There are 2 protein chains.
Amino acid sequence: MTDAATKIVLSESEMPRRWYNIMADLPSPPPAVLHPGTLRPVGPDDLAALFPMALIEQEVTQERYVPIPDEVLDVYRLWRPSPLFRAHRLERALGTPARIYYKYEGVSPAGSHKPNTAVPQAHYNAAAGIRRLTTETGAGQWGTALAFASAQFGLECEIWQVRASYDQKPYRKIMIETFGGTIHPSPSDLTAAGRAVLAKDPASPGSLGIAISEAVEVAAQHPDTNYALGSVLNHVLLHQTIIGEEALLQLAKAGDVPDVIVGCTGGGSNFAGLAFPFLREKLAGTMSPTIRAVEPASCPSLTKGVYAYDFGDTAGMTPLMKMHTLGHDFIPDPIHAGGLRYHGMAPLISHVYELGLIEAVAKTQRECFEAGVRFARTEGIIPAPEPTHALAACVEEALRCKESGEPKVILTALGGHGHLDLAAYGAFLSGGLADHELSDEALAAAVATLPQVAG
Amino acid sequence: MTDAATKIVLSESEMPRRWYNIMADLPSPPPAVLHPGTLRPVGPDDLAALFPMALIEQEVTQERYVPIPDEVLDVYRLWRPSPLFRAHRLERALGTPARIYYKYEGVSPAGSHKPNTAVPQAHYNAAAGIRRLTTETGAGQWGTALAFASAQFGLECEIWQVRASYDQKPYRKIMIETFGGTIHPSPSDLTAAGRAVLAKDPASPGSLGIAISEAVEVAAQHPDTNYALGSVLNHVLLHQTIIGEEALLQLAKAGDVPDVIVGCTGGGSNFAGLAFPFLREKLAGTMSPTIRAVEPASCPSLTKGVYAYDFGDTAGMTPLMKMHTLGHDFIPDPIHAGGLRYHGMAPLISHVYELGLIEAVAKTQRECFEAGVRFARTEGIIPAPEPTHALAACVEEALRCKESGEPKVILTALGGHGHLDLAAYGAFLSGGLADHELSDEALAAAVATLPQVAG
């Protein structure tokens, strides 16, 4: 039995009481978000039909720290502080001198990091007198989190789920309904956007872009209804920083300082949540970790995309954000890590990547599931398909340490469990999973659709 | 925000290092287990073909405490100590002055309490030079736990799952395979027992009794292979007492003493794991909780069964145990709490029930799921169908406290999450769940098959 602890836990009284806003510490500010009509920077009024003012303020604040409201802390306590694990058994199986830590968010009600932002979003909307939230969901993690959070604050929650996922993953639908949410397959006949799609193709499998359009349409039409987004935006990344703030305290308890931090990136909120507090320390010179984003080879926005203004949705209804993007028309190959199938990258992550503060790699699907199965058999947790990307990069780094003999400290974000993704593991174990890599031709075709914006 | 903590956590250094054996403290010993052929008490040699000597010794030891081996503690640390939660949000929703605590075992690799015994069973078998474990599984919780535990000690794990469940719950099969286990639908053509059933009925849906026969047959035929059981036996209940030992420490930290302890009972290991350490305190006079077992109205072994010698399996191959039983031929109605569909009750629980040290109630399925949904929407955890029985009894007790104004301390065992049982929630939410109560006629017919044994 090893002496070093397996779980580094914090008591509730040690839970951080503020989120960290990296904008306060960046050497240069990120480019402005533009109105799609005027191409001028968006103002608060442009967003007020969809979001409460507290969240709009958080989107643009320059304050280094934002206090977490008591009502949010009270719900966070259902699962936070989340555990930091030392992966003793994985280390032994790899024969590496590296010390591997993983911050586990699968203990939350939704089974992922998503409630970290769903709860404050529900709170601020309820405090502003809103009665109902709408949103879209793909694989379903975000929808589950918002349904749970809405139940805590007495809000109705109405979710449009991409029909292909809605039909394939009935357990997600039931989980959302168990938490009290209402879920519709998208496209639906409940919105003009949905009806327009159905008129052309009654059997449309839907897309995230269409589902966003439906949720936004309903929110914009009803004064008592707002819209909520689960990643990409600044305030979402802000809420997720509680992950990294806790991990900082926990690593200090373990007496270790990270040499390498790896996290998977889709929209980027899980990665930013872990990495940004450590990036603050890096910028302050108190530690110097390599910070590495890991994305799917089939949807490589950081490693292959262009840094340009683009829409957040397929239909082109959102403001324009400068980000690493594969083009808003891009439809990624159908890999199982649904949470990483997004054409763009959070503007804040794109910006720190341009500044050279983080690096990025891409991984193919089978290497990721191989790491996931190895992790399950040693550490006992079956990871969601998304964080298997980070685990694959962890294993790679740990094996490099085995070669070099370096006892590096590796920290990763294990954003969720895979209990509702077991079909993907079944496909992998039976040899039925394919690898997808984005070809140069497909990339060129996708980015050709980018809107023409100076800057 | 309430001041009292939501989670009462223990550090790894506070984890109990011994299991508690209630046999040392009982006012009278439980009746002997009998050999089915000779009707004389079984001896160690009768069990040696299936179990390692360390477990056979634990089955009969009179020592009050059994040390937990370091190798077992090292695996327990992946999820233990498990959290004790104060159900603040459920209390508020009920408007009760009661203080409700739940000890949550869903944080384990298998998502239930089952690894608490799977890990030591795998350890002792590996230490005895065994290469492979066989077992049966119904809904799949036990098979998942044994597959995980076997992977930790380099053992092969071969599982026979009741075919009806195997076909209905593909996610369980994949989870077991992800942990490295091998799973067969039962009846299978791999054993004489299975072939005999298939010869009569090639489309047999199987039963737990048939699956036990297959697993036992393979273990008995191969010297390098042993059999493992997930409940009922003394050593299984012993291993589960770490739940109650932790809860004792945690409640003391919270400054509370339980007035009522409720747990669900199938074979009885989850209930005993929580209750026996508190029963020790009750017998010693240091506290005086009411201890209440909650069983399904469709399978009410304690509240309607007879206390008699009976077989553990349907086929009548196991030793005879004196227990509360509905008859080994009894086939319970198909309720969703598969873990509670067992004809008998652990002999140790049956004995303390006869001694008047615990009480028992039965609950119907819909009341249980109603409590489960209420719990999910307030506390954020979707419970497995089995512990919803205990939650229904918790809610009942808390509402009695609301009537009387008594601020009772209620403690319950939340043995697992329901992520792989969402189909049952779907059926409940759509109004498709039926209630089943055992009729007097069905009971009379079932117990008529009991073997005739004096005593």
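Aromatic pairs, then. A search of the whole structure, over all chains, turns up 21 of them. Keep in mind that this is a predicted model.

How do we describe such a pair? We give the distance of the ring centres and the angle of the planes.

Take B:Phe85 and B:Tyr104. Their ring centres are 6.3 Å apart. Their planes stand at 70 degrees, and over 60 counts as edge-to-face, so this pair is edge-to-face. Now look at where the two residues sit. B:Phe85 is in strand β4 of chain B, residues 84–86. B:Tyr104 is in strand β5 of chain B, residues 99–104. So the pair ties together parts that are 19 residues apart in sequence. Buried or exposed, B:Phe85 and B:Tyr104? Both are buried.

Stay on strand β5 of chain B for another pair, B:Tyr102 with B:Phe375. The geometry is 4.8 Å centre to centre, with 75 degrees between the planes. That is edge-to-face again. B:Phe375 belongs to helix α16 of chain B, residues 365–379. This pair therefore links parts that lie 273 residues apart in sequence. B:Tyr102 is buried, and B:Phe375 is buried as well.

Over to chain A. Which residues form one aromatic cluster there? A:Tyr76, A:Trp79, A:Phe148 and A:Phe179.

Last topic: arginines over rings. A:Arg86 lies over the face of A:Tyr101, at 5.8 Å from the ring centre. In chain B, B:Arg86 lies over the face of B:Tyr101, at 5.8 Å from the ring centre.

Notes:
Residues are numbered from 1 along each chain as its sequence is written. Chains are lettered from A and ligands numbered from 1 in the order in which they are written. This is a predicted model: local features need pLDDT of at least 70, side-chain atom pairs count only at pLDDT 80 or more; totals for chains, interfaces and linings use all residues. Side-chain values use heavy atoms; hydrogens and water are left out. Rings of Phe, Tyr and Trp (its six-membered ring) pair if their centres lie within 6.5 Å; planes under 30 degrees apart count as stacked, over 60 as edge-to-face and the rest as tilted. Helices (H or I, at least four residues) and strands (E, at least two) are DSSP runs, numbered from the N terminus. Buried means under 20% relative accessible area, exposed over 50%, partly exposed in between (1.4 Å probe, protein chains only). A charge sits over a ring if NZ of Lys or CZ of Arg is within 6 Å of the ring centre and within 35 degrees of the ring normal.
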